[in-house]
Amino acid sequence: MSELTLYDRRDCPYSERVRDKLDQLGLDYDETVVSDKHTDREELYELTGQRGVPVLFDPTLESGWLADSDEIVSHLERTHG
Ligand SMILES: N[C@@H](CCC(=O)N[C@@H](CS)C(=O)NCC(=O)O)C(=O)O
């Protein structure tokens with residue numbers, strides 16, 4: 001199991017941007033593709049209190065997760081770049 005887990009959707013451009021950055025940095029990660037139905041994202045909601053994607057789980061983060069592609073990309077460049 002990887003240290004990093006990305007909750008995302010394949011049809012989401014923000015998710016794609018994060019996947020591209022993870023690939024560019026050569027980082028291994030697990031991917032959980034969430035339901036296209038907003039209301040069926042209970043696992044994500046229980047973990048983060050919101051249902052949007054992408055969300056990156058990273059044990060090096062104080063909160064354990066980040067939920068905005070700009071913030072995720074900045075975090076990855078800063079910590080793994
Ligand atoms: N500002 C956010 C936007 C993310 C966003 O709009 N994601 C869409 C899917 S592409 C989503 O999850 N929409 C449902 C929601 O916002 O709860 C980011 O850059 O990550």
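Mentor: Let's start with the words we need: Ala, Val, Leu, Ile, Met, Phe, Trp, Tyr, Cys and Pro count as nonpolar, Asp, Glu, Lys and Arg as charged, and the others, Gly among them, as polar. Please keep in mind that this is a predicted model.

Trainee: Thanks! How do the residues of the shell around the ligand divide by class?

Mentor: The ligand is surrounded by Arg9, Cys12, Tyr14, His38, Arg51, Gly52, Val53, Pro54, Asp68, Ser69 and Asp70. Sort those names by class, and the shell comes to 4 nonpolar, 3 polar and 4 charged residues.

Trainee: Val53 and Pro54 are in that list. Is the peptide bond from Val53 to Pro54 cis or trans?

Mentor: Pro54 lies in the loop between helix 2 (42-48) and strand 3. In general, most peptide bonds are trans. From Val53 to Pro54, though, omega is near 5 degrees, and the bond is cis.

Trainee: Do strand 1 and strand 3 run parallel or antiparallel?

Mentor: Strands of a sheet pair through backbone hydrogen bonds, and both directions occur. Strand 1 (residues 4-8) has 5 bridges to strand 2 (residues 29-33), and those two run parallel. With strand 3 (residues 55-57), strand 1 has 3 bridges, and the pair is antiparallel.

Trainee: What handedness does the unit of strand 1, helix 1 and strand 2 have?

Mentor: Follow the chain from strand 1 through helix 1 to strand 2, and you trace a β-α-β unit. With the strands pointing away from you, a clockwise path over the helix counts as right-handed. This unit is right-handed.

Trainee: And how are helix 1 and helix 3 oriented to each other?

Mentor: The axes of helix 1 (residues 13-24) and helix 3 (residues 69-80) come within 9 Å and cross at roughly 5 degrees. Among the residues making the contact are Tyr14 and Leu22 of helix 1 and Ile72 and Leu76 of helix 3. By class, the contact has 6 nonpolar, 1 polar and 2 charged residues. Angles under 35 degrees count as roughly parallel, so these two helices are roughly parallel.

Definitions and conventions:
Residues numbered from 1 in each chain as written. Predicted model: local features only at pLDDT ≥ 70, side-chain atom pairs only at ≥ 80, totals over all residues. Axes fitted to C-alpha atoms, helices over the stretch in contact; angles between N-to-C directions. Helix = DSSP H or I, 4+ residues; strand = E, 2+ residues; numbered from the N terminus. Parallel < 35°, antiparallel > 145°, perpendicular 65-115°, else oblique. Contact = placed C-beta atoms within 7 Å. Near = placed C-beta within 6 Å. Pairing = 2+ DSSP bridges.
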